Amino acid sequence: MIALRTLPALLLLAAPALAEGEFSEGSEAKPWHVIGEEPARFTGEVVDIICDLTGDCPENCGNGGRQLGILREADGQLILAAKNSQPLFTGAARELYPFCGQMVEVDGNLVGDPEGLGTSKFYQIQRIRALGNGDWTAANNWTKEWAAANPDAAKADGPWFRNDPQVNALIAEHGYLGLGQAVDDAFIADWFE
């Protein structure tokens, strides 16, 4: 069954970015100085994006295993939350998951260059709170939780993704390009040897 709001969400996700500047008022987001960055503070419902687009809707937003977004209250725009406040493209779904299906207020930055790239902007969450609750929660929990779940990998040198057991298992099974070791070998020989 297709979710009732699937069609509007599809249209909004594909639509050019609206005038995002109107959401800058009241934002306390720290700048990241990236292309097309605009501070944005708004309210909306935390939604399972795959559910909204396809009708595949496991309970509880898939128990934290799905990409989550925010259906913005002011204009119905489905906002792709692609990262949290940490300097990695991780953690947005982790930060939103405790609020699955709830109305929230978020503060952060919309990032991207819709004119140059032809895509909508994505959102970087810096803080979040349930609507009507005065306490903000900093959106920086992903790395701490990853380190707690992977204590040996967290002690190793280098960035987390070089040491993550799940990432390394996928690379071992499917190669760096996800197409198998033979494709990896040919690519490396063609580009780097």
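The lining of the largest pocket comprises, by class, seven nonpolar, five polar and two charged residues. Here Ala, Val, Leu, Ile, Met, Phe, Trp, Tyr, Cys and Pro count as nonpolar, Asp, Glu, Lys and Arg as charged, and the others, Gly among them, as polar. This pocket holds about 220 Å³ of space. Of its 14 lining residues, Gly 64, Gly 91, Ala 93, Arg 94 and Trp 142 are the closest to the centre. Strand E3 (78-83) and helix H4 (92-96) are the elements that give two or more residues to this lining, and H4 gives the most, with three.

Before I continue, a word on the model. It is a predicted model, in which local features need pLDDT of at least 70 and side-chain atom pairs count only at pLDDT 80 or more, while totals for chains, interfaces and linings use all residues. Residues are numbered from 1 along each chain as its sequence is written, and side-chain values use heavy atoms, with hydrogens and water left out. The chain averages a pLDDT (the predictor's confidence in each residue, from 0 to 100) of 85, and 87% of the residues score at least 70. Over residues 6-18, pLDDT stays under 50. Where pLDDT is low, the predicted coordinates should not be read in detail.

As to terms, a pocket is an open set of points on a 1 Å grid over the protein atoms alone, where a 1.4 Å probe fits, with protein on both sides within 12 Å along at least five of seven lines; lining residues have an atom within 4 Å of a point. Volume is the space filled by probe spheres set on the points, which are joined across faces, edges and corners. Helices (H or I, at least four residues) and strands (E, at least two) are DSSP runs, numbered from the N terminus.

The second largest pocket has a volume of about 160 Å³. Strand E5 (residues 122-130) gives the most to its lining, with three residues. Among the lining residues are Glu 28, Asp 107 and Arg 127, and these three are linked in a network of salt bridges.

A salt bridge requires a side-chain nitrogen of Lys or Arg within 4 Å of a carboxyl oxygen of Asp or Glu; the count comes to nine. Arg 66 and Asp 48 form one at 3.0 Å, N to O. Arg 66 lies in the loop between helix H3 (60-63) and strand E2 (68-72), and Asp 48 in strand E1 (residues 38-48), 18 residues apart. Asp 48 is buried (under 20% relative accessible area), at 5%.

Conventions
Contact means heavy atoms within 4.5 Å. Buried means under 20% relative accessible area, exposed over 50%, partly exposed in between (1.4 Å probe, protein chains only).
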